[in-house]
There are 2 protein chains.
Amino acid sequence: MRIALDMDEVIADVLPAFLDLYATHFGVRLEKEDYWGEKIYRLPGASIIRESLWEKGFFADLPVVEGSQEVVRWLTEHYDVFIVTAAMEFRNSLEDKFDWMQRHFPFLHWKNFVFCGDKSIVQADYMIDDHPFNLEAFHGKGLLFTASHNVSEQRFERVNNWNEVRVFFEEELKRETNTTQFE
Amino acid sequence: MRIALDMDEVIADVLPAFLDLYATHFGVRLEKEDYWGEKIYRLPGASIIRESLWEKGFFADLPVVEGSQEVVRWLTEHYDVFIVTAAMEFRNSLEDKFDWMQRHFPFLHWKNFVFCGDKSIVQADYMIDDHPFNLEAFHGKGLLFTASHNVSEQRFERVNNWNEVRVFFEEELKRETNTTQFE
């Protein structure tokens with residue numbers, strides 16, 4: 001069984017970079033209640049922040065989302081795990097994203113990286129993503145990873161953090177074992 | 001309907017680059033009969049040539065395979081065409097391949113580029129590729145694009161050039177039209 005894992009806001013934390021950019025541009029450090037429910041670059045007047053996504057280096061030093069390394073390593077013991085990221089919009093992100101993956105997830109083979117633009121090309125059994133439009137086009141089981149911009153989305157099963165991802169797949173593995181026993 | 005098109009040896013011609021490298025290393029310009037049936041870097045003593053694939057610039061200036069631009073443009077009128085290339089083995093090829101695509105196939109959107117390692121992740125109706133192992137893992141209709149290293153392969157329908165690709169899909173389109181008429 002195969003899992004397609006998104007990168008930004010799922011294993012790579014872009015929020016601190018956006019908060020820093022906002023502070024640099026506007027001289028204000030946002031609190032959670034200022035941006036919760038929205039993307040920071042969609043706040044009034046803040047669209048200029050999104051231009052940073054095209055700059056070399058933006059994706060190079062993002063922190064790892066808490067718990068993701070341990071849980072992804074555990075997942076690889078039971079599933080084929082692919083990291084699938086919509087990198088193609090940002091030509092200058094390609095090397096940064098590749099290097100980031102090798103640095104922070106060295107136990108994943110380069111064969112398991114996918115840089116694409118439209119994730120409907122992906123064939124997998126599970127997809128974990130923060131964007132509802134990626135899950136809409138997916139034929140397997142989609143899990144919505146909570147991010148500020150998706151908190152009002154109701155259509156998909158939700159995982160709020162990597163501990164919940166682990167619990168979800170522990171249940172899946174138990175279910176598969178039980179099914180196998182009674183077949 | 002969606003077509004997944006390979007890049008190297010299908011739309012991007014790597015052969016001239018390998019012939020140049022061989023000539024530089026060994027002082028001999030190979031003729032077709034010297035390498036036909038094999039990859040040039042698998043000729044005796046020539047494995048050093050493959051190291052060039054990791055260098056910046058190797059993929060930057062490859063010529064376009066004859067007829068590919070015209071036929072791919074025509075295909076986009078009838079199909080969703082994705083360029084799917086196993087770029088992940090060669091970190092330094094990522095930007096070169098992206099820029100090459102934009103330069104030579106500017107009518108394709110970046111949403112239709114896929115850089116991966118293992119093409120079994122790809123979901124499409126057709127795949128055109130020079131590597132039998134990519135077609136083996138594919139669930140749709142695979143077409144083997146003739147390259148020196150695959151001439152003895154017998155398991156897949158073969159296209160020898162881009163004119164044959166066009167003829168194949170003209171037949172497919174006729175067949176679909178007829179099927180629709182009698183439904």
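This is a predicted model: local features need pLDDT of at least 70, side-chain atom pairs count only at pLDDT 80 or more; totals for chains, interfaces and linings use all residues.
How many residue pairs are in polar contact between chain B and chain A? The count is 14 residue pairs, both residues at pLDDT 80 or more, where a polar contact is a pair of N or O atoms within 3.5 Å, one able to donate a hydrogen and the other to accept it, and residues adjacent in sequence count only if both atoms are side-chain atoms.

Residues are numbered from 1 along each chain as its sequence is written, chains are lettered from A in the order in which they are written, and side-chain values use heavy atoms, with hydrogens and water left out.

Staying with the two chains, there are 6 salt bridges between chain B and chain A, each a side-chain nitrogen of Lys or Arg within 4 Å of a carboxyl oxygen of Asp or Glu. A:E95 forms a salt bridge with B:K56, and their closest N and O atoms are 2.2 Å apart.

In contact terms, meaning heavy atoms within 4.5 Å, 23 residues of chain B meet 23 residues of chain A. Because 100% of the interface residues of chain B are also interface residues in chain A, the copies meet through the same surface.

Let me finish with B:W162, which touches, leaving aside residues up to four places away in sequence, a set of residues including B:L5, B:V10, B:I11, B:E66 and B:F145.
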